[in-house]
Amino acid sequence: MATPVVMPKQGQSVESCIIVEWKKQPGDEVAQGDVLCEVETDKAVMDVESPAAGTLLALFYQEGDLVPVLETIAAIGQPGEDVSDLRPEGAAEAEAPESPQAVAAPAETPVAPPVAQPEQVSAEEPVGVSPRARHLAEQKAVALEGLHGSGPGGRVIERDVQAALSSQPRLSPVAQAMVQSGAYRAPAQGSGPGGRVMSRDLAAAAETPAPQAAAPSAAGAPPVAPAQPVTTIPLRGVRRVIADRMLQSMQSTAQLTLNSTADARGILAYRQKLKASDSAWGLQGVTINDLVLYAVSRILPQYPDLNALFTGEAIEQYSDVHLGFAVDTPRGLIVPVIRDAHTLTLRDMAAESRRLAAACQDGSVQPDELSGGTFTVTNLGNLGVESFTPILNVPQVAILGVGGITLKPVESEDGEVQFVRHLNLSLTINHQVVDGAPGARFLQALARGLAQFDLLLAA
Amino acid sequence: MTKAITIDPREVRRKGVLTGPEIPVNAYESNPKAEAKKYGKRGLLRMYRDMVHIREFETMLDRIKKEGVYHDIAYDHKGPAHLSIGQESAAVGQAYHLTPDDFVFGSHRSHGEILAKSFSAIAKMEESELQAIMESYNGGTTLRVVESFVGDVKDVRELATYFVLYGTLAEIFGREYGFNKGMGGSMHAFFPPFGVMPNNAIVGGSGDISVGAALFKRINRRPGIVIANIGDASMGCGPVWEGMMMSAMDQYRTLWEKELGGAPPMLFNFMNNFYGMGGQPKGETMGFDVLARVGLGVNPEAMHAERVDGYSPLAVADAIERKRKVLLEGRGPVLLDTVTYRYSGHSPSDAMAYRTKEELDLWMEQDAIAGYRQYLLDNGHLDQGQADAVQDEVVERIVKVLTAAASLDVSPRVSITTDAIGEMMFSNGVMDRMAEGEPETLLPLEETRLKATLAKSRFGLDADGKPLPKLRCVTYAEALFEAMIHRFYEDPTMAAFGEENRDWGGAFGVYRGLTEALPYHRLFNTPISEGAIVGAGVGYALSGGRAVAELMYCDFMGRAGDEIFNQMSKWQAMSAGVLKMPLVLRVSVGSKYGAQHSQDWTSIVAHIPGLKVMFPATPYDAKGMLNLALHGTDPVVFFESQRLYSEPEVLVEGGVPTEYYEVEMGEPAVRRMGSDLTILTVGATLYRALEAADILQEKYGLSVEVIDARFLNPLNYAPIVASVKKTGKIVLASDATERGSFLHTMASNISQLAFDYLDGPVAVVGARNWITPPAEMEEGFFPQKEWIVDTIHERILPLPGHEPTTRQATSEILSRNRMGV
């Protein structure tokens, strides 16, 4: 009897995983514990190990397939064994050299393909568009992509195109005719009165390459750019999650970024002290970022407005701090979460951040370690960025961006101006639920805490 | 239902016993001397010659069907050929005394009757008359073909014999120069100028249609009698009984004007060949033993019933001569049980599993043609050489006729790549009167009920738009009355009949006032025989009169299924335009009366080719559309709504005109202009759609265009499509049950005609696919205004803040169909 290889359940919240790469092929001899394939959730990549020794008899899914957890994905046993009992219903047989009589592709995929939900604003063309809406969109040069459908089942109907039209720039009659001819596309803003798009704007826009407008250039140059080497990377796994989340964040919240600086002399001195400490203390590896994380974890509880999630219906404020921090990995941005950060010592926090960062880098981070954050810190200072506007990690309502340390002229009490090292901080808040003043007050408290880090440690 | 005749309990409760007249069985006794004197050698030989023609004609068809060749002429005939070999004497004997004015209607097995009746007419008509008929029929095209192959024939009767043989055979072969351009074929061929009326492929189909023809003759004082030649097995068919009941009504003698002449001259002749396909009425599938016995059950005269020996042409001729006299005296109807036998099978596919070779041989030993030839030989009317010459002459004719009819060059078919057949579906005529003459009436028009209706308010709202009392306004029912009385006073042929039409004035009072205005024969009550009501209408109309048949409830159409689906709808096209069908069938769509009295069956008749289907929803249209229907020459099923009879006109500005007017054929009416959404309705659902439009306007700011289709067929889709191009959204609603509703045909057409303009699917709101529940529960069955609004919300245009109260989502379509309800 062949042994099934099951898609492991990766944490409570994971329902399905994508098979990234099969490391073994049918016919390969495998030992128990050999890595059979790499699978990816929306948050991490993991290995699936062989549960038994034997020959890999069949793969039931191909690379790129989205497979529900606990589904059988492969079979291991003795050559010639029948594995048809193990084949999940509806699964296609991956190319298996021993079994040229592979079953036909299933009529239905085992799980719903990851299509955009109708109600969700997506950049893809909507599920259904009425003929009338499509006709109007063509006539008025309205892009259907990203339109929200208000018809039954999310169908884009005439009124949706009209709504999109009313938010577009007004066109002069001549420009209107030019657009309707199909040869021009209206820019977002025109040069006429009140931003009205004039014929000259269309002509100007046509000279710049527009993907859908066939520019009526005299030379009649082909609208297609000359062939260039292009690498096409399918959007999946972490990258797709990032893409969706970032867009969702920008489109569903009102983001406001506040900039400030903190006197960095205290933390720089303290960091020197840690570096020079006895290795037995285990403090030598503490980074400036750890100091910032520590400071945030201690100050944030005093500002519950910012340690919160916004569900769209309600604001959930937290007294505990579960602190997310951005980690740059080869697969993209990953945000692990330090649980109960407000209870950890600096040393423990530094150790935990180091452990999570490493886990993110090697893909061993567990899905449950990537969720549940109440506030996020992202740091680009070590890459030479002075200051930036972080994007909210929704449903969190605030994110702190840590920039580089720069010299800032400061006037002393005796009127003398001197240059002092300052750490650049930028705080993005969701202005829907967090007003500017509480955000500013938090930033101010944080800057003070960093400037007087030794006192903060004692607090 | 007449106050003129009292039902006296002393009389009907009196003790007694019923006796009936004796029914003669094969009573004819041959007297060669008397026969020689009566018919002369010429007449006796003509009968022989006619029988030989029929025998050879059908023998030829039998060979063509079974062997594909006759006298070296090969032909593959794909259609039917129900042969009557063995029955020739019954047909020829019957036709001998008939005049061209006498009509014979037949069955699927009537080739012999067509030829016999035609030969009889040829013998009796003036040569000039014969020539004129041949020259004019089908524009002379049939005659031209005949002339091309007969060679130099000087004798008009000889030419006419060829004309009949060719016209019949070309018809059987489906050729353009056949009697009905090939549209009738073997089972339906006929030739009215010789009194050969439609032959019917539905068993017993002629049983009630011919009654309508007999009524036409009596009511319009036309000469001649009408014979329905139907088979013994058709005695099991309801319409045959219904036809007998209607032809035997007492009122012809008790209530109709005496001078009119009594009962319609109707003869039911059962060609009793003892088989109904493979079933055997005598001894197996019926219980009458001798078919003529049935006459005893119909009237005190027992229908003057007789069994006649159909194997003796002289016995049959004698019977017809006597019965014709009875009929012309108004003492009908008559039943004849004409004994005969077919040697051929029911059809070429018949393996004769139901009878023995011995039985067949017994009959062939007594073969009518051989027997009659012997009679002629024995009595010196014929010698063997002459007999052989007759046979040779007949074969020669049939060879010539077959050669011409089989050739596609000489005898082409009607084009099926053009719309030639489509053009035959309707006559599209407009005729003030179907015949000249003074319409018979009892009152001057201005003294009829019209005086009262004309005096009423023609519009249902006052100057401020407030409703007037309904009794003060012309209603939908009265608007129909005005249309009826107008045509009654214009067209002398117009007759109306149905249940409760006279005295009561129709169950819903539409004919109130007509009883006083019209003599009995123009407006009369019928037995509860829906098949015969419609069938008689068909026979009346195809004989040349205008008929209005009425079925009280739409649901009763089921009882007249064959008459509506196969007769009323088909005869214009099956005659290739020879016949017209000015028959208006009024049906009333009910409500509140449960499952068998509340159905809208417009979809069923609209599905049948050859019918015009109308359903007015306002008094203006009730009059204008009935005027239109009563002015035309096509069959119209005219739907009315019991929800509307008492309603005045509130939609058409100015109300119901007092003068005559017509609504344009096939044109929908826009009842309310709008720009956001279209609702198209059929029938009384219009008013619920208008209420839905009010809700949509008031609560959701939608400007709704409401269109009343008025017509189902023909229908001009252009105004509907124009509306949909404007609004992009359309819902269709009617009280017909949703599955298979004609609304789906409309929806499909609209989708195809306006697809690029649609902003959502074309949605249909019909009644639930249930029985109609009791009156108190009807709002759960018939479309309500909420259903329309909810359908728009669920399927086409979600309405902000709208909370549906009924289930109209597309998922309902799936689940309801899955359940089959």
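Trainee: What does L585(B) touch, not counting residues up to four places away in sequence?

Mentor: In this predicted model, L585(B) touches V534(B), G537(B), A549(B), L551(B), I564(B), M568(B), V636(B), V637(B) and F638(B), where a contact requires C-beta atoms, placed from the backbone, within 7 Å. L585(B) is also among the residues of the largest nonpolar core that touch the most other members, together with Y166(B), L480(B), I679(B), L732(B) and I788(B), and that core has 258 residues. A second, separate core has 87 residues, including W22(A) and F325(A).

Trainee: Why is α6(B) called oblique to α15(B)?

Mentor: Helix α6 (residues 141-150) of chain B and helix α15 (residues 384-406) of chain B pack at an angle of about 125°, with their axes 10 Å apart. Roughly perpendicular covers 65 to 115 degrees and roughly antiparallel begins over 145, so the angle of about 125° makes α6(B) oblique to α15(B). The crossing in which α6(B) passes α15(B) is right-handed.

Trainee: Which residues of α6(B) and α15(B) meet, and how do they divide by class?

Mentor: From α6(B), V145(B), F149(B) and V150(B) meet K400(B), T403(B) and A404(B) of α15(B), and the residues of this contact divide into four nonpolar, one polar and one charged. Lys counts as charged and Thr as polar, whereas Val, Phe and Ala count as nonpolar, so K400(B) is the charged residue and T403(B) the polar one.

Trainee: How many residues does each chain bring to the contact between chain A and chain B?

Mentor: Chain A brings 10 residues and chain B 11 residues; on the side of chain A, the largest share, four residues, comes from helix α1 (residues 131-139) of chain A.

Key: Residues are numbered from 1 along each chain as its sequence is written. Chains are lettered from A and ligands numbered from 1 in the order in which they are written. This is a predicted model: local features need pLDDT of at least 70, side-chain atom pairs count only at pLDDT 80 or more; totals for chains, interfaces and linings use all residues. A nonpolar core is a set of buried Ala, Val, Leu, Ile, Met, Phe, Trp, Tyr and Cys residues joined through C-beta atoms within 7 Å. A residue is buried if 20 or more other C-beta atoms lie within 10 Å of its own, exposed if 12 or fewer, and partly exposed in between; C-beta atoms are placed from the backbone. Two residues are in contact if their C-beta atoms, placed from the backbone, lie within 7 Å. Axes are lines fitted to C-alpha atoms, for helices over the stretch in contact, and angles run from 0 to 180 degrees between N-to-C directions. Helices (H or I, at least four residues) and strands (E, at least two) are DSSP runs, numbered from the N terminus. Angles under 35 degrees count as roughly parallel, over 145 as roughly antiparallel, 65 to 115 as roughly perpendicular and the rest as oblique. A crossing is left-handed if the near helix is turned anticlockwise from the far one by less than a right angle, and right-handed if clockwise.
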